[in-house]
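The sequence and structure come next.

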Amino acid sequence: MSFLNGTKIAVIGGGSWATALIKILCEQNNVQIRWWLRNQKDIEHIRKYHHNPSYLSDVVLQPKKIKVFEKTTDAVKGADYVILAVPAAFIEEALQDLSVKHLQGKRIVSAIKGMIPGQNILITDWASERFGIELKDTCVIAGPCHAEEVALEKQSYLSIASTECPAAEDFAKLMTCRYVAANPLDDLYGVEYAAIMKNIIALACGITHGLGYGDNFQAVLVSNAMQEIGNLVTALDKRERNLSSSAYLGDLLVTAYSQFSRNRLFGNMIGRGYSVKAAQLEMKMIAEGYYATKSIYEINKLYHVNLPITHAVYRILYEEQAPGMVMDDLKKVLK
């Protein structure tokens with residue numbers, strides 16, 4: 001699939017990550033973006049003022065390259081790529097009007113770092129089953145990268161993963177610009193699972209920070225977390241991979257430590273004494289790690305991988321155990 005003669009890209013989602021991806025894509029000369037958002041007021045505002053009023057509102061959008069749609073069926077019409085950039089918990093609702101024929105012949109790109117809650121299924125596997133998309137025509141966008149730094153045009157890096165390099169290479173070219181370097185990988189499942197796991201770890205980092213733990217403990221927590229991620233990813237998808245590369249370790253570090261990490265922020269609120277519901281109500285954005293914690297915990301019932309950090313976060317979020325007590329238990333097993 002060539003993008004040199006002009007590529008049509010549908011973007012599903014109206015949040016900060018969707019907006020950042022659109023900003024990157026607008027750096028390409030031969031791209032047309034077909035953007036679906038749920039919020040009608042935001043749609044009208046973007047058409048009139050050329051920026052997203054709800055997320056990354058300082059980013060000026062290029063009206064000559066972007067068309068905004070109320071219906072997903074209209075947005076994906078004629079698109080070469082369809083980027084999914086809504087929270088995993090809402091993807092089924094967002095795409096409910098689409099059928100197999102609407103996505104036939106298109107490449108699907110998941111920018112979602114989560115799993116379908118309740119079903120505990122990867123977004124790429126769900127899209128493959130739901131719409132008959134072959135995995136070779138599916139990609140995943142991973143970090144290390146925060147939308148807020150893309151908005152500021154700070155040098156950033158993306159990892160584009162697929163089961164086969166050509167698909168990842170093609171899309172990586174589209175996501176490369178003067179302030180973003182996109183690197184292709186052929187490890188679809190490894191990158192996707194690692195991206196999900198790092199959100200859980202960021203929650204743990206936030207919880208410990210909220211409890212008053214310092215940088216020394218956080219360093220030990222993150223280094224243990226990398227082992228935890230590696231053990232689970234290997235159990236789920238056995239192949240050799242360099243977990244110290246930016247697609248895995250880099251993505252974990254930026255999510256665990258950055259001021260822009262919504263999962264770290266959510267965890268910090270829990271550590272400071274917020275209930276889960278109170279923290280969710282105060283945050284405007286979804287913390288994917290909340291849903292991911294339960295999904296990974298349930299998946300691991302089949303694999304029995306030692307996941308002490310994930311288990312600790314599960315105890316706090318879903319068993320309502322006191323964060324201080326749980327972290328006291330966790331610190332005894334970290335090395």
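Two strands count as paired if DSSP finds at least two bridges between them. Strands (E, at least two residues) and helices (H or I, at least four) are DSSP runs numbered from the N terminus. The model is a predicted one, in which local features need pLDDT of at least 70 and side-chain atom pairs count only at pLDDT 80 or more, while totals for chains, interfaces and linings use all residues. Residues are numbered from 1 along each chain as its sequence is written, and side-chain values use heavy atoms, with hydrogens and water left out.

Strand β2 (residues 31-36) pairs with strand β3 (residues 66-69) in the parallel sense, over four bridges. Within this pair, I33 stands opposite I66 in β3. Between the two strands the chain passes through helix α2 (residues 40-49), and this β-α-β crossover is right-handed; that is, with the strands pointing away from the viewer, the path from the first strand over the helix to the second runs clockwise. Strand β2 also pairs with strand β1 (residues 7-12), again in the parallel sense, over six bridges. Here A10 stands opposite R34 in β2.

These strands belong to an open sheet of eight strands with mixed pairing, in the order β3-β2-β1-β4-β5-β8-β9-β10. Its edge strands are β3 and β10 (180-185), each of which pairs on one side only. On average, neighbouring strands of the sheet are turned by 20° against each other, direction ignored.

Turning to the helices, α10 (residues 215-236) and α15 (residues 308-318) pack at an angle of about 105°, and their axes are 8 Å apart. The axes are lines fitted to C-alpha atoms, for helices over the stretch in contact, and angles run from 0 to 180 degrees between N-to-C directions. The angle makes α10 roughly perpendicular to α15, a class that covers 65 to 115 degrees. Which residues of α10 meet P308, I309 and T310 in α15? They are L221, N224, A225 and E228, where contact means heavy atoms within 4.5 Å.

Helix α6 (residues 123-131) has the buried residues I123, T124, D125, W126, A127 and F131, buried meaning under 20% relative accessible area (1.4 Å probe, protein chains only). Just after α6, G132 takes a positive phi of about 70°.

L174 lies in helix α8 (residues 165-174). L174 counts as buried because its relative accessibility is 0%. Its C-alpha atom is separated by 37 Å from that of V313, 139 residues apart along the chain.

How values were computed: Buried < 20%, exposed > 50% of the residue type's maximum accessible area, 1.4 Å probe, protein only. Parallel < 35°, antiparallel > 145°, perpendicular 65-115°, else oblique.
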